[in-house]
Amino acid sequence: MTDNEFFQFAVRASEKSYSPYSKFKVGAVLLTEDGQIFTGCNIENASYSMTICAERTAIFKAVSSGFTDFKAIAIAGSSGDDFSIPCVPCGACLQVLSEFCNDDFMIVLSDGVHKLKDFLPNRFTKENIS
Ligand code: THU
């Protein structure tokens, strides 16, 4: 799968978005080290702060299915049909990714491939509490 195919997979995942309030659809596709795929979308709530991002939906689906080793995530977000503006993962999602992913974990956005360390260079992890 090319980076662009991986990204387009995230665009397709965004079709499941439940976002009646923001009308901003986000899709995420998480790839495990052994090649499994978990999709996620943002799920909003009338009590706005109960909203969950697409990335965390995908991560929680994977972990609750027994997968904790991840290679990459693709993220696509748009309020229409144009997914060209990169949808950078929020701080909360980066922190949750940090629990399971190392510096070189790949984050594929509309503008190309990034690394977890690019977005959150100094992370609070289990090493900090050992
Ligand atoms: N959102 C995501 O799902 N992931 C991101 O990376 C950024 C924001 C969602 C949360 C909310 O439903 C909507 O996008 C607008 O913030």
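Analyst: Buried means under 20% relative accessible area, exposed means over 50%, and partly exposed covers the range in between. The model here is predicted. Lys23, at 54% relative accessibility, therefore counts as exposed. Lys23 is found in the loop between α1 and β1.

User: How should I read the salt bridges, and how many does the structure hold?

Analyst: Side chains of opposite charge can pair when their charged atoms come close. The structure holds three salt bridges. In one of them, the side chains of Arg123 and Asp103 meet at 2.8 Å, N to O. Arg123 lies in the segment after α4 (116-119) and Asp103 in the loop between α3 and β4, so this pair ties together parts that are 20 residues apart in sequence. Arg123 counts as buried at 16% relative accessibility, whereas Asp103 counts as partly exposed at 36%.

User: Which residues are linked in a network of salt bridges?

Analyst: The network links Asp104, Lys115 and Lys117. Asp104 and Lys115 meet through their side chains at 3.5 Å, N to O. Asp104 lies in the loop between α3 and β4 and Lys115 in strand β5 (residues 112-115), so the pair ties together parts eleven residues apart in sequence. Lys117 also forms a salt bridge with Asp104, with the closest N and O atoms 3.2 Å apart. That pair links Lys117 in helix α4 to Asp104 in the loop between α3 and β4, 13 residues apart. Asp104 is partly exposed, with a relative accessible area of 40%; Lys117 is partly exposed at 35%.

User: How are aromatic pairs classified, and how many are there?

Analyst: Ring planes under 30 degrees apart count as stacked, over 60 as edge-to-face, and the rest as tilted. The count comes to three aromatic pairs. The rings of Tyr21 and Tyr48 have centres 5.4 Å apart and planes at 40 degrees, so this pair is tilted. Tyr21 lies in the loop between α1 (3-13) and β1 (25-32) and Tyr48 in the loop between β2 and α2, so the pair ties together parts 27 residues apart in sequence. For Phe70 and Phe100, the ring centres are 6.0 Å apart and the planes are at 75 degrees, so the pair is edge-to-face. This pair links strand β3 (residues 70-78), which holds Phe70, to helix α3 (residues 91-100), which holds Phe100, 30 residues apart.

User: Is Phe70 buried or exposed?

Analyst: Phe70 counts as buried, at 6% relative accessibility. Phe100 is partly exposed, at 29%.

User: Which residues touch the most other members of the largest nonpolar core?

Analyst: Phe70 is among them, together with Leu30, Ile73, Ile75, Phe105, Ile107 and Leu116, in a core of 22 residues. At least two residues of this core come from each of β1, α2, β3, α3 and β4 (106-109). The element that gives the most is α2, with four residues.

User: Which residues make the nonpolar surface patch?

Analyst: Tyr18, Tyr21, Ile43 and Tyr48 make this patch of about 440 Å². Tyr21 counts as partly exposed at 39% relative accessibility, whereas Tyr48 counts as exposed at 58%. Ile43 is in the loop between β2 (37-41) and α2 (54-64) and is partly exposed, at 37%.

Technical notes: Residues numbered from 1 in each chain as written. Predicted model: local features only at pLDDT ≥ 70, side-chain atom pairs only at ≥ 80, totals over all residues. Heavy atoms only, no water. Patch = residues over 30% accessible without salt bridge, like charges linked within 9 Å, V, L, I, M, F, W, Y side chains within 5 Å. Areas by Shrake-Rupley, 256 points an atom, 1.4 Å probe, with all protein chains shown as cover. Salt bridge = Lys/Arg side-chain N within 4 Å of Asp/Glu carboxyl O. Buried < 20%, exposed > 50% of the residue type's maximum accessible area, 1.4 Å probe, protein only. Phe/Tyr/Trp six-rings, centres within 6.5 Å; stacked < 30°, edge-to-face > 60°. Core = buried A, V, L, I, M, F, W, Y, C linked by side-chain atoms within 4.5 Å.
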